[in-house]
Amino acid sequence: MTIEVTTDKKSQKKIADLKKTEKNKHRQYREAIKDLSDFTYMHDLEGNILDSDLNSMAELGYSTADLENANIIDLVPERYADRQKKYLDKVIQNGADKGITTFKTKDGRELVIEYKNLLLHDNSGKPDRIIGSFRNISDQVHAEKINRALFDISNAVNTTFNLDELYKSIHASLGNIIDTTNFYIALYNEEDDSLFFPYIVDEVDMEGMDNPVYYNVSDSEHYLLTYDVIKTSQPLMVKNEECLERARHENKKPKGIVAEVWLGVPLMIKGKTIGVMTVQSYTDPNRFNQDDINILNAVSDQISLAIHRKISEEALKESEERYRNMIENINDIIFSRNPDGEFIFLSPSVEIITGFKPNELIRTPKSTDIYSLTTRQNDIRQYYKNSNPVSYDSIIHPDDRDSVFTTIEKAVQEISTYKMIYRIITKSNKPHWV
């Protein structure tokens with residue numbers, strides 16, 4: 001009996017020594033890698049967590065009890081589970097691994113982490129566990145994504161052909177940094193107090209997705225969160241019940257299907273609100289938070305500038321098109337001269353009147369400076385007299401050229417307009433009054 005007790009005590013001591021040795025090994029391993037990153041952990045070859053320092057648990061929001069029977073795969077989003085299994089195989093095969101992955105916190109947030117792992121062996125040299133360290137680089141990665149989005153949005157002004165393409169490019173760029181499943185851009189017209197929704201992508205409320213929507217705010221019986229952002233020029237995040245309460249307070253009905261959470265930020269140019277950019281979720285009231293407000297605020301100025309520039313660009317193109325159509329269809333000759341007095345543009349109607357095409361009457365420039373004619377009064381006459389047979393100036397009737405040139409000289413010297421009636425010789429060699 002005594003022998004059995006002694007043997008039992010020896011066994012217990014051996015077990016205790018082994019546990020002590022294991023704890024010392026864990027501590028030594030943690031000490032060895034503590035300078036590599038912020039947090040450390042240990043798991044077996046199947047990913048079952050054996051140990052984790054308190055900082056690791058605090059960062060991820062888990063308690064000791066939460067990780068007691070947890071596997072490393074439990075800490076990654078489900079969509080990355082297969083990737084984590086490959087990571088285990090890679091560490092076992094190569095003896096070490098490092099890289100970037102994603103961990104999920106207890107409250108469902110996702111953290112981008114940089115990790116370094118090392119394969120450990122038992123006393124016999126057999127692999128038996130993996131020790132690792134990780135560093136939370138979510139802020140750094142997020143900042144890089146925001147900067148990339150800002151660059152892409154700025155560049156889109158030059159790479160897109162129209163506003164529709166610009167809106168799609170903005171949507172795609174934002175999708176890399178925030179959930180834009182339900183997204184729209186609204187522009188505000190202060191003159192008639194109206195909202196214009198040129199771009200809408202929505203999985204539930206389909207109104208306006210095919211054709212832009214115009215909405216007169218003043219005459220509306222509906223309540224619009226978008227208009228609240230316009231009025232305050234401040235970002236706004238509202239959940240379902242608060243939206244309904246705001247509508248009741250205004251004695252109006254909510255417009256469309258009320259989302260579980262709605263987030264809008266103002267688009268501003270020189271302190272003036274020109275529109276609103278919005279994301280929303282119909283399923284998760286906690287989809288957005290203060291971080292998302294900060295993200296949209298961070299990119300809103302660049303988006304406002306991009307939209308404003310593209311609108312101005314399209315307005316200029318439209319104005320030029322109208323002007324071009326007017327010139328091409330008007331019966332009168334419209335022309336433009338450079339500072340040397342040479343024609344650089346003649347409207348198409350010149351062919352109807354003279355028989356010559358515009359390019360037949362525009363000569364290669366010479367060095368005469370029409371603005372210096374106060375000292376060279378005869379230069380312009382000599383210039384036109386020596387001109388090639390085919391130029392607009394050369395088809396002026398010889399008997400009228402002096403009076404035409406004199407009128408032009410006077411107008412140039414006085415920087416004034418001029419009006420005159422004279423004859424030209426048409427391509428068919430017939431005189432024609434203009």
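Reply: Happy to; we will take the words one by one, and please keep in mind that this is a predicted model.

Me: Let's start with a single residue. Why is Thr 226 called buried?

Reply: Buried means under 20% relative accessible area. Thr 226 has 1% relative accessibility, so Thr 226 counts as buried. You will find Thr 226 in helix H6.

Me: What is Thr 226 in contact with, leaving aside its neighbours within four places in sequence?

Reply: Contact means heavy atoms within 4.5 Å. With those neighbours left aside, Thr 226 is in contact with Tyr 184, Ala 186, Leu 195, Phe 197, Trp 262 and Val 276.

Me: Now a whole helix. How do you know that the span of helix H3 agrees with what it should be?

Reply: The expected span is 1.5 Å times one less than the number of residues. For the 14 residues of H3, residues 81–94, that comes to 20 Å, and the end C-alpha atoms are 20 Å apart, so the two agree.

Me: What puts the buried residues of H3 on the same side?

Reply: The buried residues are Ala 81, Gln 84, Tyr 87, Leu 88 and Val 91. They cover an arc of only 105 degrees around the axis, and therefore they sit on the same side of H3. They pack against strands S1, S3, S4 and S5. On the other side of H3, Asp 82, Lys 86, Asp 89 and Gln 93 are exposed. After H3 comes Gly 95, with a positive phi near 85 degrees.

Me: How do you know which side of helix H11 is buried?

Reply: In H11, the buried residues are Arg 401, Val 404, Phe 405, Ile 408, Glu 409, Ala 411 and Val 412. Their arc around the axis is only 165 degrees, which puts them on the same side of H11. The face turned away from that buried side carries the exposed residues Lys 410 and Glu 414. Just after H11, Ile 415 takes a positive phi of about 50 degrees.

Me: What classes of residue make up the lining of the second largest cavity?

Reply: That lining has eight nonpolar, two polar and no charged residues. Among its residues are Tyr 41, Ile 49, Ser 52 and Ser 56. The space inside is about 70 Å³.

Me: What about the largest pocket: what is its volume, and which element gives the most to its lining?

Reply: The volume of the largest pocket is about 1,100 Å³. Of its 30 lining residues, Arg 109, Glu 110, His 142, Ile 177 and Asp 292 lie nearest its centre. Helix H4 gives the most, with seven residues. By class, the lining divides into 10 nonpolar, nine polar and 11 charged residues.

Me: Which element gives the most to the second largest pocket?

Reply: There it is helix H8, with seven residues. The second largest pocket has a volume of about 610 Å³, and Leu 187, Tyr 188, Asn 189, Ile 274 and Ile 311 are the residues nearest its centre.

Notes
Residues are numbered from 1 along each chain as its sequence is written. This is a predicted model: local features need pLDDT of at least 70, side-chain atom pairs count only at pLDDT 80 or more; totals for chains, interfaces and linings use all residues. Side-chain values use heavy atoms; hydrogens and water are left out. On a 1 Å grid over the protein atoms alone, a cavity is a set of points where a 1.4 Å probe fits but cannot get out, and a pocket is an open set with protein on both sides within 12 Å along at least five of seven lines; lining residues have an atom within 4 Å of a point. Grid points are joined across faces, edges and corners, and a volume is the space filled by probe spheres set on the points. Ala, Val, Leu, Ile, Met, Phe, Trp, Tyr, Cys and Pro count as nonpolar, Asp, Glu, Lys and Arg as charged, and the others, Gly among them, as polar. Helices (H or I, at least four residues) and strands (E, at least two) are DSSP runs, numbered from the N terminus. Buried means under 20% relative accessible area, exposed over 50%, partly exposed in between (1.4 Å probe, protein chains only). The arc is that of the directions from the helix axis to the C-beta atoms.
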